[in-house]
Amino acid sequence: MTANTPAPQSAQGYTRDILRLAIPAYVTLVAEPLFLLADSAIIGHLGTSSLAGVGIAGAILSTAAGLFVFLAYSTTAVVARTLGAAGTRHALGAGLDGIWLAAALGILSCAVVGLGAAPLAAAFGPSPEVLSHAITYLRISALGLPAMLLTLATTGILRGLQDTRTPLLVTTFGFTANIALNVWFVLGLHLGVAGSAWGTVIAQNSMALALLAVVARAAHHHRAPRRPHLRGILTAAVDGVPLLVRTLALRTILLLTTWAAAALGDIPLAAYQVSATIWTFLTFSLDALAIAGQSLTGHALGRGDTAAARTMTTMMTRWGTWCGVALGVLLLPLHTVLPVLFTPDQGVRDALAMALLVVALGQPISGYVFVLDGVLIGAGDARWLALAQVWLLVAYAPLAVAVHVCADQLTSTGPGIAVMVLWGAFQIFMGLRAVALGRRARTDSWMTVGAA
């Protein structure tokens, strides 16, 4: 073994590193969909139209913020690789320009979504009552988009530094505040959908300010440059383009699914909205290993340790698959219990119960997919991920269009069957995604060593 070759680590050491990052990341990640679950549970008692309206607004907001998830993912990879190659000061410097980029993109997103709320919501073709609720929620929630993007960027820096505990503490505070505010505004002050949106906006801005303070203090301590640098901001933007394309394709798939659900009618749309929120919650649960994969893979490749990257990838994909099995087994007996928590409408409950059966069966594939996606992001394999996701969009689009075109025939068989067919089409997409990621991971093409 040469002096520059990293010392091999035991399996127990890899396990400890993975769990050290994955456990706090798990709690942090599930807090975001818990925002939506809390909103859905509270708003569901206002009526089916309110729930369906928030479903459409949530899809648009998730897309607006999700398009820029590279602010977290790309930053995590860059910071982790730089940490492994050059140390903390340079790693912080590599990530701080992403914060300035996040601020600019957040303001732009706020303007686009806030001013374009009506046409954006109308594009889904909802009923007039559902459309009214969607527009109200969108216009208010747009004010939280800058905070959401700043939270992505700061969280990416901290994850790259292998600190997942700080985002955990901040998110726990934000989630608690969100629930308290929503209960007060919606059920106490009777502000309806608008009250739920305001509660979430306040919580999101509080979280962003707290995380910014933590990163600023770390930058001061390590004497990292904090002023904006145009070249660095442009580099961060250019480096994020492949992940933006990848995310845009993925979000288009999710929007196509919501579009198809809207064609099925208010009851199937409401059932899909809640089932999609539960799927997102489970997704974020499984994504904890993906976050560990991003940070640990980037750090290992940054210091030139390809063997560690390969070993941890094998371990984490195995864990991800079994975690998916466990979540599916837990969800199956709850598929008739959970709907009662979200709506008093028996039609929506029945349709939701049937949708959750398909969601449960797809969890093992989800666990496998999310881990490999995180590993390849951490390795900086963004260009391949972008191309693969575009091809997957091309493959999935005809399935979503077929559901939309056959909406009348599907709903004639019952709302539950219609939603099950929609989720079945989505699970086909997830299966194709698993095949593509698995084939890529078995090669060595993604393992590039050194700093980003």
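Predicted model: local features only at pLDDT ≥ 70, side-chain atom pairs only at ≥ 80, totals over all residues.

Colleague: OK, on to packing. At what angle do α2 and α7 pack?

Modeller: About 45°, and their axes are 10 Å apart. Here α2 is residues 48-66 and α7 is residues 145-160. Angles between 35 and 65 degrees fall in the oblique class, so α2 and α7 are oblique to each other.

Colleague: Right-handed or left-handed crossing for α2 and α7?

Modeller: Right-handed, as α2 passes α7. On the α2 side the contact is made by Leu-61, Ala-64 and Ala-65, and on the α7 side by Leu-145, Met-148, Leu-149 and Leu-152.

Colleague: What about α12 and α15, how far apart are their axes?

Modeller: Their axes are 8 Å apart, and the helices pack at about 40°. That angle makes α12 oblique to α15. The crossing of α12 and α15 is right-handed.

Colleague: Which residues meet there, between α12 and α15?

Modeller: From α12 you have Ile-267, Ala-270, Ala-271, Val-274, Ser-275, Ile-278, Trp-279 and Leu-282. From α15 they meet Gly-347, Val-348, Ala-351, Leu-352, Ala-355, Leu-356 and Val-359. By class, the contact of α12 with α15 has 13 nonpolar and two polar residues, and no charged ones.

Colleague: Switching to single residues. Is Ala-102 buried or exposed?

Modeller: Ala-102 is buried, with a relative accessible area of 0%. You'll find Ala-102 in helix α4, residues 88-115.

Colleague: What is Ala-102 in contact with, leaving aside neighbours within four places in sequence?

Modeller: Leu-71, Leu-149, Leu-150 and Ala-153. Leu-149 also shows up in the contact between α2 and α7.

Colleague: How far apart in space are Ala-102 and Leu-341?

Modeller: 36 Å, C-alpha to C-alpha, and they are 239 residues apart in sequence.

Colleague: Next, Arg-440. Where is Arg-440 found?

Modeller: In helix α19, residues 415-441. Arg-440 has a relative accessible area of 17%. Buried means under 20%, so Arg-440 counts as buried.

Colleague: What does Arg-440 touch, not counting residues up to four places away in sequence?

Modeller: Leu-376, Asp-381, Trp-384, Ser-445 and Trp-446.

Colleague: Last topic, backbone angles. What is phi for Gln-162?

Modeller: Positive, about 65°, although Gln-162 is not a glycine. Gln-162 lies in the loop between α7 and α8, and Gln-162 is buried, with a relative accessible area of 17%.

Colleague: And what is phi of His-190 near?

Modeller: Near 60°, again a positive value in a residue other than glycine. His-190 has its place in the loop between α8 and α9.

Colleague: Buried or exposed, that His-190?

Modeller: His-190 is exposed, with a relative accessible area of 64%, whereas Gln-162 is buried.

Key
Residues numbered from 1 in each chain as written. Heavy atoms only, no water. Axes fitted to C-alpha atoms, helices over the stretch in contact; angles between N-to-C directions. Helix = DSSP H or I, 4+ residues; strand = E, 2+ residues; numbered from the N terminus. Parallel < 35°, antiparallel > 145°, perpendicular 65-115°, else oblique. Left-handed = near helix turned anticlockwise from the far one by under 90°. Contact = heavy atoms within 4.5 Å. Buried < 20%, exposed > 50% of the residue type's maximum accessible area, 1.4 Å probe, protein only. Nonpolar A, V, L, I, M, F, W, Y, C, P; charged D, E, K, R; others polar.
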